Amino acid sequence: MSSRSGSAREYETSDRSPGLSAFPPVPESSETEAEGLIFYHMDLYGSKERFDIFPEELTGQEDRSLGDTRKESALSSEKFQRSQEAGYDLEKEVAELAKMYGLDEDREKELELLGGHLEMVESRWPPARTEKAGSQGPIYNASKSSSPMKDQSQSTKQQGLPGEASQDEEENKARAEDKAESHIGSGEGLSSSGMSDEWNSQAVSEEEAADVFCSTCKMPIRAFDKLFGEHKDHEVAQLPSAVESEKEEIHKNMCKLEEQIAQTENFASHLEEIFITVEAAVTMVDRLEEFLKKEVDLELSTLPDFEERVIDFSEVEQLMNSINTIPAPCAPVINPQAPNTATGTSLRVCWGLFSDDTVECYQLCYKPVSNERRSDEQAEHTLKVKETYCTITNLLPNTQYEFWVSALNASGISPPSEKAVYVTAPSPPTIKNKKIRSCENAALVCWESRDINPVDSYTVELSKLTDEENGDTITESIVGIPNCEVLIHLQPTQSYRICIRALNLGGSSERSEPVLIHTTGTYFCLNEDTAHPLLAILDDGFTIACDELENPECDLPVYDNSFTRCIGILGSLIPFPGKHYWEVEVEEDTEYRIGVAFENTPRHGYLGANNSSWCMRHIITPSRHKYEFLHSGMTPDIRITTPPRRIGILLDYEKCRLSFFNADIAQHLYAFNSHFQHYVHPCFALETPGILRIHTGIAIPPWTALP
């Protein structure tokens, strides 16, 4: 806008002074000239890339900066015009600007700036072809130049007039030049001066136009430095936001400083109190020293008459001792035994002290409780412990012990607590393998306790064995069993591992040795207590043999439950309802009796000769092998042509039937139909020397089914 106003004044001067037509014509497009000036400003220092850092906020700032630049150019033109009219000193102005913006420190930069500006102006105004044009060029250059030397401007004017002939003519032309100079100073000179000031203001504005804040260097910078300078890779922020963040940081630091000041004041006050206290103590010490240094000479007017008395300090001494000494503690209280706190060889005893007495340690005493000898005669054991609990080891399983405790300190020992009875856990039971009986859906397991004292109950743990796991997994536990046997319902065709635990108040015992039970068929053992003295049971437990039968009623020891006349034996009771099957392997030349009998069958008679037993008998006659099926001494007339070598016996409690089969050829031999009022025992007997082999745990063959 300053260039436009300058151009307008130039046109007016040309109209009023036609004699000055020798001056070069001013360009008609002042707008183009203004745009040229704006190009140098905005392309280098106000380009769009400069404000792309903050595009939304700086778009308006770009327009405002353009308007401000134009206003500054107009003001600079007016200032230059007034300075020309008043004889303004350009050298002084340039020196002040250089000093204001720090250019005086770098003189080379100032000269470079002024030289570049002159070249730019000269390139826009070509040299004059006439003498007056030659004089105008130096004037224009002098008005546009920012050189600090005014003599150079004057010498330029003198060089513009080399061809004058006379002094008068020089004076006339000088007057014309002064007039033209005044007009040009108001028009072109103003425009060129405005352009020079605008260039200088632009150069100065480069140093002070810090519009962004470098977060890395903590200083305001120009956007130009962010784009092309040393701050190109740094993080920047807007100046207002940077100012706000710095204000917040300063506020935080002020708060911290106030807290530190408060703490310092508190510390100073505390030191002051200590100083006052120490000063008072020093004063007292000084007074005391002065008092002790004084010599006091007291003279009594009358001598005191002291009577010789004997004072007994024993009571005082006792009183002082009673005050200083600690009393003996009170008796502790022992706790009753908690469940599951013992093992087969250890106990954990706890007690408490319900007073504030000082205790240094405790004395724990214990002894076993026995019914055989008096309790006072048992050996006592004593332990000293620091805590209010103790674990005693190396004890007997399932045994009761009496415990009592006393507290000790320097004054003595407390009275003993009341006695408490603790019991250790039982020993693992022992399973009786020979008394185990099982069938396809149940098993009867028997065991015995290894402890003298009775236990509270037993627990049976079942582990089903599978081919996939190759191990055992507890699938069921039966607890609270009061006796030493239990009937367990199982699944058919499975294998089980069974263990027993004994329990009492102290806890549970370890597991017993496991036993394997298979539910593929009926399993029973031979009852040795019922065997005849001449009958031997081999190592496998299922083979009986007899070597001689000369004198069945021999003098060998006989048990109360054993057979005395019939050389026989009973198997274990089969207490399971349903069907049960087993086989007996016999020799062809052996006479025998096999079948079932009640528990109370007579031991002095023969099997089958009474109503409490059912059996199959084999005898050898001179003519044939004779087979009899005896019950109460009676037998049907049956002939068997093929002597069986393996006899199968099927007991069916539900159908009240006892059947015999030739297992080798799957032939049914005979069946007793009788109502069995009680569970029965398998029975076996030999009438001639020989061997009988019993096979149990066999699945019921399908050919044993009878209509």
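The side chains of lysine 419 and glutamate 402 meet in a salt bridge at 4.0 Å, N to O, a salt bridge being a side-chain nitrogen of Lys or Arg within 4 Å of a carboxyl oxygen of Asp or Glu. This pair links distant parts of the chain, with lysine 419 in the loop between strand E10 (412-413) and strand E11 (420-423) and glutamate 402 in strand E9 (residues 400-409), 17 residues apart. The model is predicted, so that local features need pLDDT of at least 70 and side-chain atom pairs count only at pLDDT 80 or more, while totals for chains, interfaces and linings use all residues. Residues are numbered from 1 along each chain as its sequence is written, and side-chain values use heavy atoms, with hydrogens and water left out.

**Overall composition**

- The protein has 13 helices and 31 strands, where helices (H or I, at least four residues) and strands (E, at least two) are DSSP runs numbered from the N terminus.
- Buried residues make up 38% of the 707 residues in the protein; buried means under 20% relative accessible area, exposed over 50%, and partly exposed in between (1.4 Å probe, protein chains only).
- Among contacts between residues at least 6 apart in sequence, 67% join residues at least 24 apart, a contact meaning heavy atoms within 4.5 Å.

**Salt bridges**

- The structure holds 10 salt bridges, and glutamate 402, a partner in one of them, is buried with a relative accessible area of 16%.
- Arginine 501 and glutamate 461 meet through their side chains at 2.8 Å, N to O; arginine 501 lies in strand E18 (residues 495-503) and glutamate 461 in strand E15 (residues 457-465), so the pair ties together parts that are 40 residues apart in sequence.
- Glutamate 461 counts as buried, at 10% relative accessibility.
- Glutamate 687 and arginine 617 form a salt bridge at 3.4 Å, N to O; because glutamate 687 lies in the loop between strand E30 (681-686) and E31 and arginine 617 in strand E25 (residues 613-620), the pair ties together parts that are 70 residues apart in sequence.
- Salt bridges that share partners join Arg593, Arg617, Lys626, Glu628 and Glu687 into one network, in which Glu687 is partly exposed, with a relative accessible area of 21%.

**Strand pairing**

- Strand E23 (residues 579-585) has 5 of its 7 residues buried, so it is largely enclosed by the rest of the structure.
- E23 pairs in the antiparallel sense with strand E27 (residues 646-652) over 7 bridges, pairing requiring at least two DSSP bridges between two strands, and the bridge partner of tyrosine 581 in E27 is leucine 650.
- E23 is also joined by 3 bridges to strand E31 (residues 690-695), again in the antiparallel sense, with glutamate 583 opposite histidine 695 in E31.
- Elsewhere, 3 strands form an open antiparallel sheet in the order E4-E5-E8, whose edge strands, E4 (333-334) and E8 (389-392), each pair on one side only.
- Strand E5 (residues 347-352) pairs with E8 over 4 bridges, and cysteine 350 stands opposite tyrosine 389 in E8.

**Nonpolar core**

- The largest nonpolar core has 42 residues, of which Trp582, Ile594, Leu658, Phe660, Phe684 and Leu692 touch the most other members; such a core is a set of buried Ala, Val, Leu, Ile, Met, Phe, Trp, Tyr and Cys residues joined through side-chain atoms within 4.5 Å.
- Not counting residues up to four places away in sequence, the residues that leucine 692 touches include Phe542, Val584, Ile594 and Phe684.
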